[in-house]
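Here are my notes on the structure you sent over. Have it open beside you as you go through the points.

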Amino acid sequence: PKQHGPEGNLWLNDEVMNSYIQLLMKVPHTLASNIHFHSQWTSVLLYRAFLLGNEELLEAARRVAQFSTNRNMMTNSFLSVMVVNLYSDHWYILLIYPQMKKIDCINSLATSQRSVNMLCHLLHGYFYAHTFSDSEFVWVPAEWKFCVIKPQRVPQQENGYDCGVFALRCLEYIVAGHELDYHQATIRSYRFKILYALRLQKIPWLSAHGNPLTELEMVESLIQN
């Protein structure tokens, strides 16, 4: 899916999402070391397989679980994060707490019951598949709870094209251990920060000695480099 900015320019796409998530995974001295990040393709692969039938879904789930960067993530991780895009038009976040057997859905737009039902179905197959790669994990669906966090507690976008930026912003706050207190007015500046971090191949404001940068300073640095 492509993210259209206010001027209509296409620049925030799947590759940008993946590249920024990779940078978040490398952030030092933060909660990132205790977080397992699923590939941003996971939900897409599971959904496409589901469209072909339940057997294909289970087979795809086994493949994804088998090639996971952390096969024991369901028993070893405090928090497992999945970036979701089921229908190729909207990004949002799932926070999976294996030890508490809880899944929180953080969405910058309202989450339909259709999406909730689909997610629960896909996750059922995916978690079941992890029982084959993680001998210590036991999947009992009735013991798990899926919670859609109320919009009053989650920063909401005010347009139809900033969902990807909101998703990355949410991940960054989670990695940094901050409350989700960003808002729509800061998103334009955050687009510059994403570009700046990708150019540097690191996220300096999340490092131990990171300093806040103004939009002008980021633009000047990009021009110089």
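1. Start at Ile 203. Leaving aside residues up to four places away in sequence, Ile 203 touches Tyr 20, Leu 23, Leu 24, Val 27, Glu 172 and Ala 197. Keep in mind throughout that this is a predicted model.

2. Now zoom out to the core that Ile 203 belongs to. The largest nonpolar core has 39 residues, and Ile 203 is among those with the most contacts inside it, along with Tyr 20, Val 81, Ile 93, Leu 95 and Ile 194. Two or more residues come from each of α1, β3 (35–37), β4 (79–84), β5, α6 and α7. The biggest giver is α6, with 10 residues. Apart from this core lies another, of 26 residues, including Leu 57, Ala 61, Cys 105 and Tyr 126. If you're wondering about the general pattern, nonpolar side chains tend to be buried together in soluble globular proteins.

3. Next, have a look at helix α1. Which of its residues are buried? They are Asp 14, Val 16, Met 17, Tyr 20, Ile 21, Leu 23 and Leu 24. As you check the spacing of these on screen, remember that an α-helix has 3.6 residues a turn, so residues three or four places apart point the same way. The length works out too: α1 covers residues 14–25, and at 1.5 Å a residue its 12 residues should span 16 Å, which agrees with the 17 Å between its end C-alpha atoms.

4. On to the empty space. Rolling a probe the size of a water molecule over the atoms shows where such space is left. The largest pocket holds about 440 Å³ of space. Its lining is made of 18 residues, and those nearest the centre are Leu 95, Tyr 97, Ile 106, Ile 174 and Leu 180. β5 (92–97), β6 (102–106) and α6 (163–176) are the elements that each give two or more residues to this lining. By type, the lining splits into 12 nonpolar, 3 polar and 3 charged residues.

5. The structure has 1 cavity of 30 Å³ or more, and the volume of the largest cavity is about 50 Å³. Among the residues lining the largest cavity are Trp 91, Tyr 92, Ile 93, Ile 106, Phe 166, Ala 167 and Cys 170. Both β5 and α6 supply at least two lining residues, and α6 gives the most, with 3. What kinds of residue make up the lining of the largest cavity? It has 10 nonpolar and 2 polar residues, and no charged ones.

6. Two backbone angles deserve a second look. Most residues other than glycine have a negative phi. Lys 101, however, has a positive phi near 55°; it sits in the loop between β5 and β6 and is partly exposed, with a relative accessible area of 29%. Gln 201 also has a positive phi, of about 65°, though it is not a glycine. Gln 201 lies in the loop between α7 (187–200) and α8 (215–224), and is exposed, at 51% relative accessible area.

7. Last, the overall picture. The chain has 8 helices and 7 strands. Of its 225 residues, 48% count as buried. Taking the contacts with a separation of 6 or more, 65% are between residues 24 or more positions apart.

Terms used:
Residues are numbered from 1 along each chain as its sequence is written. This is a predicted model: local features need pLDDT of at least 70, side-chain atom pairs count only at pLDDT 80 or more; totals for chains, interfaces and linings use all residues. Side-chain values use heavy atoms; hydrogens and water are left out. On a 1 Å grid over the protein atoms alone, a cavity is a set of points where a 1.4 Å probe fits but cannot get out, and a pocket is an open set with protein on both sides within 12 Å along at least five of seven lines; lining residues have an atom within 4 Å of a point. Grid points are joined across faces, edges and corners, and a volume is the space filled by probe spheres set on the points. Helices (H or I, at least four residues) and strands (E, at least two) are DSSP runs, numbered from the N terminus. Ala, Val, Leu, Ile, Met, Phe, Trp, Tyr, Cys and Pro count as nonpolar, Asp, Glu, Lys and Arg as charged, and the others, Gly among them, as polar. The expected span of a helix is 1.5 Å times one less than its number of residues. Buried means under 20% relative accessible area, exposed over 50%, partly exposed in between (1.4 Å probe, protein chains only). A nonpolar core is a set of buried Ala, Val, Leu, Ile, Met, Phe, Trp, Tyr and Cys residues joined through side-chain atoms within 4.5 Å. Contact means heavy atoms within 4.5 Å.
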